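Please treat the points as a set of computed geometry to check against your own tools.

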Amino acid sequence: MAEDGPFAKAEKAKNTGNEHFKAHNFAKAIVAYTLAIDLSEDVDDDGLDSLDGAKAVNPNIQIYYANRAFCHLKLESYGSALADASKAIELKPDFAKGYYRRGSANMALCRPKDALKDFTTLCKLAPNDKDAREKLKACQKQVQQEKFAAAIASDKTKPTSETVDLGGMAVDSTYTGPVYESGKVTPEFCKELMEWQRSEKTIAKKYAYAIVLDMIKLLRESSTLEEVDVPADKEFTVCGDVHGQYYDLLNIWKLNGLPSEDNPYLFNGDFVDRGSFSTEVIIMLFAWKLCYPRHLHLSRGNHETKNMNKLYGFEGEVTKKFDEDLYQVFCEAFCLLPLCHVINKKVFVVHGGLFSSDNVTLDAIRKVNRDCEPPDEGLMTEMLWSDPQPGRGRTASKRGVGVAFGEDVTDNFLKTNDLQLVIRSHEMKEEGYEVEHSGKLITIFSAPNYCDQMGNKGAFIRLDGKTLTPKMTSFEAVPHPNVRPMQYANPMLGSLMGM
């Protein structure tokens, strides 16, 4: 290998990528690994004349693809991770790390049966690798649990919310925390609950159940698409993903004021998972919603779903802090959350993004049945999972679910529905927000220093009711108790993600 040849340069690029990865600069690492791949593929040889005309092959190229796949996993681009890992395996069918990365991507995409195949092959290639064997056992357990859960679900005739005996639940005599009374939720109760949870104390289980059961009743009155009216002399705040970062949620309210009739909010999905204070976040949001049902709005995200909760921590957290039945009641509430909101008939707010076809109307969205777990495809899934992309047109999503859509897609949707702006969340941004598609689309993300390792800021948007001009405010992360992210997540997924 010539020292100044393309393969040597590829190795230098890989080493640069490794340094970026260690510094958690995953986007820069992807650029470096991509350069290494390009240098390895765009040559006929490594500076030597080939006698038979065969194209020289860099013997390390599969490593570059596997490394880039790991970066995609870190950035939640699971579709891209799956593609890179598959390419690494294609280039070197006995490359153990390729199966490890692809198995990780399949697990993150909630495809445990496909992951099981990869980890089975991994163990054959590396029979003495203890970590590989543990991953295989964990994957086998996950597949069996899903079979068992499906069997139980088929036997159930009533939802958990209809079988819970709230009257039979006792509150411990030593409990000194906030007392929830159905139909009597006040700002004072919410403030007391905020401080009780801030001090790492858990609300009595009976009251937690009562809050979620009351939310189910309230959400049954909602629709898939909710209309929000903001008076000309008022302002309205939109927040993005919070992901169980309770102390950063409290900081939003410190910076921007508590929810009230004069200070309305919309939280745009992904309240739970990853962060290890997800129960505190969702109970607090539900409490404020019950206090101000017309001034605190909640939209479903892709993490308000059973398959994501099982992997990323919310199921484990609720079960640990309360019990399994309360988790099931939360799932019922999540299925009733609106999928999107329209503010003053001009601003469309959705967690993920737009659609795989043009000319989708608001009326078509209104007809979507939201009371279910998301299907594999369709309008609901695209609203929860899709992402914008530069340029025009549509491409396959880097996540493996939904679609990546260009500026022309945004233009078509806005024109079709006489709208002026799309606000969405779903993606971490360095400043907590990003303006795209010539100012017609804004991403807002409200979980700063995401998972305690990304170093990003969070942000929120304020809109005035008269002009709907968006004003973004970025903020830094605040300290939280010493509980690591993904504390309650599927143990295998946490280790796969390096948590």
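1. Basis. This is a predicted model, in which local features need pLDDT of at least 70 and side-chain atom pairs count only at pLDDT 80 or more, while totals for chains, interfaces and linings use all residues. Residues are numbered from 1 along each chain as its sequence is written, and side-chain values use heavy atoms, with hydrogens and water left out.

2. Largest pocket. A pocket is an open set of points, on a 1 Å grid over the protein atoms alone, with protein on both sides within 12 Å along at least five of seven lines, and its lining residues have an atom within 4 Å of a point. The largest pocket has a volume of about 1,300 Å³, a volume being the space filled by probe spheres set on the points, which are joined across faces, edges and corners. Its lining counts 41 residues, with Ala149, Lys306, Asn307, Lys310 and Glu373 nearest the centre. Two or more lining residues come from each of helix 7, helix 12, helix 14 (324-336) and helix 16 (379-385), where helices (H or I, at least four residues) and strands (E, at least two) are DSSP runs numbered from the N terminus. The lining divides into 19 nonpolar, 9 polar and 13 charged residues; Ala, Val, Leu, Ile, Met, Phe, Trp, Tyr, Cys and Pro count as nonpolar, Asp, Glu, Lys and Arg as charged, and the others, Gly among them, as polar.

3. Second largest pocket. The second largest pocket has a volume of about 780 Å³, and of its 36 lining residues Leu75, Lys398, Glu427, Met428 and Lys429 lie nearest the centre. Helix 2 (26-41), helix 3 (61-74), strand 7 (387-388) and strand 11 (433-436) each give two or more residues to this lining, and helix 2 gives the most, with 3 residues. By class, the lining of the second largest pocket has 11 nonpolar, 12 polar and 13 charged residues.

4. Cavities. The structure holds 4 cavities of 30 Å³ or more, a cavity being a set of grid points where a 1.4 Å probe fits but cannot get out. About 50 Å³ of space lies in the largest cavity, whose lining is made by Met107, Cys110, Pro112, Gln142, Glu146, Asn307, Lys310 and Leu311. Helix 12 (306-312) and helix 7 (130-155) each give two or more of these residues, and the largest share, 3 residues, comes from helix 12.

5. Helix 4 with helix 5. The axes of helix 4 (residues 78-91) and helix 5 (residues 96-108) come within 8 Å and cross at roughly 155°; axes are lines fitted to C-alpha atoms, for helices over the stretch in contact, and angles run from 0 to 180 degrees between N-to-C directions. The two helices are therefore roughly antiparallel to each other, the class for angles over 145 degrees, whereas under 35 is roughly parallel, 65 to 115 roughly perpendicular and the rest oblique.

6. Helix 11 with helix 14. Here the axes of helix 11 (residues 278-291) and helix 14 come within 13 Å and cross at roughly 55°, so the pair is oblique. Ile282, Ile283 and Phe286 of helix 11 meet Phe330, Ala333 and Phe334 of helix 14, contact meaning heavy atoms within 4.5 Å. By class, this contact has 6 nonpolar, no polar and no charged residues.
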